[in-house]
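Work through the two exercises below with the model open beside you, and try each task before reading its solution.

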Amino acid sequence: MPQPTPLPKPILCYVTDRRSLPLATSSDAIPMLLHTMVSVATAGVDWIQLREKDLCGGESLELARSAIEAIRSRASSTRIIVNDRVDVALASGAGGVHLSENGFSVSDTRRLADRFARDSGKSLDFLIGVSCHSLGSALGAARDGADYIYFSPIFHTPSKAFYGPPQGVERLRQICQAVQIPVIAIGGINLENIVSCYAAGAAGVAAIRLFQDATDLSAVVSSMRTPNSTP
């Protein structure tokens, strides 16, 4: 039987949610999350988005620094992206920040990043992404200079129920054709529907439980790279 042809390398992003980690309790959730992030990075995931919204600034900074150090110690090239907190992302040395649709602007974020680089004398490799839920917001993010966008929810998922019914693959295709920056599909992504996201033009996918619930992360990542295969 012929082997599936690998697609051009998609961007795979693990979005963290320590509260939904299997068997996690309030006292050990952070250590378990760090362990999970190292496992995900070792398996070959490209980005990890730290999305622990309930943490204060100091806690977020500590987590980001711990994650970066833990992953660096494994010689992994996985990029850490901090959710919303531009200050934490810059102070920790993260590889980017992911902004909410109606939150801090791309232009202000870019200005802060440029000032930080100038003041620190460092050359930043820093991505700015935006969550989008409509064509208008996607076009706006691209126009404002975002490096990439998330578009969601593509499929049904409890974590995105607040944003309304699933957008579907055809709407994802419309967004991918409308902007010239990478579009990352998120919301209900699994190994059965991931190929339809790639076919629609998505540059990659992001997920929470697909990674957190995996018993064999390497096999899951391999299958996401070549989605006709079965882990």
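**Exercise 1.** How are α1 and α9 oriented to each other: parallel, antiparallel, perpendicular or oblique?

*Solution.* This is a predicted model, in which local features need pLDDT of at least 70, side-chain atom pairs count only at pLDDT 80 or more, and totals for chains, interfaces and linings use all residues. Residues are numbered from 1 along each chain as its sequence is written, and side-chain values use heavy atoms, with hydrogens and water left out.

Step 1: the axes of α1 and helix α9 (residues 217-225) cross at roughly 45 degrees and come within 9 Å.

Step 2: angles under 35 degrees count as roughly parallel, over 145 as roughly antiparallel, 65 to 115 as roughly perpendicular and the rest as oblique, and α1 and α9 are therefore oblique to each other.

Step 3: the contact (heavy atoms within 4.5 Å) joins S39, V40 and A43 of α1 to L217, S218 and V221 of α9. By class, these residues comprise 4 nonpolar, 2 polar and no charged.

**Exercise 2.** Describe how α1 packs against α2, and state which residues meet.

*Solution.* Step 1: helix α1 (residues 29-43) and helix α2 (residues 57-73) have axes 10 Å apart and pack at an angle of about 40 degrees, which makes α1 oblique to α2.

Step 2: from α1, the residues I30, L33, L34, M37, V38 and A41 meet L63, S66, A67, A70 and I71 of α2.

Step 3: sorted by class, the contact of α1 with α2 has 10 nonpolar residues, 1 polar residue and no charged residues.

Key
Axes are lines fitted to C-alpha atoms, for helices over the stretch in contact, and angles run from 0 to 180 degrees between N-to-C directions. Helices (H or I, at least four residues) and strands (E, at least two) are DSSP runs, numbered from the N terminus. Ala, Val, Leu, Ile, Met, Phe, Trp, Tyr, Cys and Pro count as nonpolar, Asp, Glu, Lys and Arg as charged, and the others, Gly among them, as polar.
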